[in-house]
Amino acid sequence: MIKRLFIYLLIVFGVTSCNLNYQPYDGIPESELKDDIIGLNGATVGNYNYLKDAYYQRNFHFFGEYGGDNVSLSGTTSDHLFYCYNYQHFPAMNSTTFFWEKAYQLIVGCNKVILSIDNDASEELKQLKGENLFLRAQTLFHLTNTFGRPYYQNPETNLGIPIKFDDEVVNVPNRGTVQKVYEQIIADLLLAEELMGIERSNVYASKEVAQALLSRVYLYMSGTPENPNLIYAQKAKDYANKVIESDRYRLLGTEAFKTYFRKLPEQNTETIFAVKHTVDVDDRGWESIGSMYNHIESQGWGEMYASKPYRELLDQHPEDARHAFIEPQYESDGFTLKERNGYPIYYINKFSMQEERPTLSSPVYLRLAEMYLNRAEANAKLGLNEEAISDVNLIRKRAGLTGDALYSPTDLKGRESVFTVVLEERRLELAFEAQRKWDIFRNGLTLDRNYPGTHEQGDALLSVPPEHPRVVFYIPESQILVQDNLIQNP
């Protein structure tokens with residue numbers, strides 16, 4: 001009873017203290033909520049708003065991006081993001097604790113709606129059920145990426161995270177295997193795809209949004225380049241095709257692309273799904289994602305920079321439009337690079353200047369360029385090299401590259417394989433969007449961090465093989481203490 005009371009208070013405290021535009025809908029019993037379109041819509045809005053919460057959004061960004069090789073921290077900090085960056089994880093990290101709590105609050109909220117709507121309800125109600133199925137699937141996916149091993153590593157025995165189906169906050173199931181978690185993610189997304197028939201703007205889930213996430217999920221299951229799973233690679237390709245061929249989305253032109261992340265989501269033809277942040281409501285200021293990457297008008301910490309290996313890759317083609325997302329800082333002479341603690345300052349602006357606000361942005365979770373790159377990686381694993389190269393070149397042409405900057409199946413510009421070409425293009429295109437770390441480890445590759453940054457200090461972990469224990473995070477200690485059925489990661 002004490003354990004359950006502790007969890008209940010922890011969850012209620014998290015719900016009531018979060019700074020959201022809407023509160024989660026928890027005021028009506030499930031029996032009265034059933035078929036109440038207004039109440040169910042309010043509940044769904046509350047669930048979307050969990051994605052705005054810094055405890056969820058900011059921390060998940062740390063997990064996916066700061067543990068990769070595209071960023072370089074220029075100092076130390078008491079914020080536990082430091083341990084996401086330097087791989088010195090420990091069980092009581094604030095970032096994992098808060099993320100876990102917020103993620104399961106979101107799942108409980110989704111379950112309340114899912115359980116209240118039959119699959120043969122009205123189109124409007126089925127749409128709401130589908131949106132909540134998508135949100136639950138995405139949350140399970142984020143959780144299992146954070147706390148579960150990459151899929152290719154014995155998913156039938158490796159532990160993922162608890163799969164929760166009810167709306168009882170005190171009920172915490174055992175950890176499911178990685179395979180079981182992925183099976184549930186896919187089941188949720190397939191049902192969401194079937195139920196959602198109403199066209200929604202790109203800040204809400206829709207059939208195409210579910211299909212886009214299915215493409216990514218299957219890609220994460222598609223094995224390594226040396227040992228690909230051809231069934232899942234084909235499914236990743238098929239679902240990327242569905243999104244591309246839906247004709248709902250368009251790649252931005254080269255010039256418009258340079259300001260991609262400043263645009264409102266609804267005004268961006270390339271964005272499939274984003275979490276919309278609005279002026280005067282959602283600008284997190286110094287606690288925003290962008291505050292670590294940039295310093296504008298005396299706002300932002302500006303301590304996390306584009307890494308040397310990423311810059312060197314990008315600089316192979318000075319005309320590459322993706323230079324627009326990196327802003328080197330110069331001294332008054334216009335030539336000498338500014339430094340912080342001896343590290344050259346290269347600000348990153350993918351999370352800045354929406355509506356001219358220095359720390360305002362609407363993080364993009366899914367966009368069309370990724371679908372082309374998902375298809376390219378799937379084709380590379382399927383041995384369809386020409387098709388893979390075609391999609392890579394499409395993305396490179398959009399970045400303003402032509403001529404010798406493009407590839408052919410017989411001219412890989414010194415790269416060892418078509419897969420290497422594809423993964424390099426994913427690195428360039430999706431940089432700083434919390435995907436690079438997963439892209440490395442899910443493909444059985446070793447992370448190379450032999451480049452300047454404060455991760456070099458102390459007991460440095462500069463080479464991280466995909467089997468290393470710190471590829472995943474510890475289950476939060478607070479959860480282990482009150483739930484003895486939860487097994488800790490090694």
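**Salt bridges and overall build**

The side chains of E433 and K350 form a salt bridge, 2.7 Å from N to O; the term means a side-chain nitrogen of Lys or Arg within 4 Å of a carboxyl oxygen of Asp or Glu. This pair ties together distant parts of the chain, 83 residues apart. This is a predicted model, where local features need pLDDT of at least 70, side-chain atom pairs count only at pLDDT 80 or more, and totals for chains, interfaces and linings use all residues. Residues are numbered from 1 along each chain as its sequence is written, and side-chain values use heavy atoms, with hydrogens and water left out.

- E433 sits in the loop between α15 (418–429) and α16 (436–442), and K350 in the loop between β9 (346–348) and β10 (364–367).
- Helices (H or I, at least four residues) and strands (E, at least two) are DSSP runs, numbered from the N terminus.
- Both residues, E433 and K350, are buried; that means under 20% relative accessible area, with exposed over 50% and partly exposed in between (1.4 Å probe, protein chains only).
- A network of salt bridges links E270, D320, R322, K350, R367, R396, R398, E425, E429 and E433.

**Other salt bridges**
- The whole structure holds 38 salt bridges.
- R426 pairs with E377, with the closest N and O atoms 3.9 Å apart.
- That pair also links distant parts of the chain: R426 is in helix α15 and E377 in helix α13 (residues 368–382), 49 residues apart.
- R426 and E377 are buried.
- R250 and D247 meet at 2.8 Å, N to O.
- R250 is partly exposed at 42% relative accessible area, and D247 is exposed at 51%.

**R311, a buried charge without a salt bridge**
- R311 lies in helix α12 (residues 308–314).
- The nearest side chain of opposite charge, D315, is 5.6 Å away.
- Leaving aside neighbours within four places in sequence, R311 is in contact (heavy atoms within 4.5 Å) with A306, P344 and Y346.

**Whole chain**
- The protein chain has 17 helices and 12 strands.
- Its radius of gyration (over C-alpha atoms) is 22 Å, close to the 23 Å from the globule rule for 490 residues, so the chain is as compact as a globular protein of that length. That rule is 2.2 Å times the number of residues to the power 0.38.
- The C-alpha atoms fill a box of roughly 65 × 45 × 45 Å along the principal axes.
- Of the 490 residues, 59% count as buried.

Conventions: Lys, Arg positive; Asp, Glu negative; His and termini not counted.
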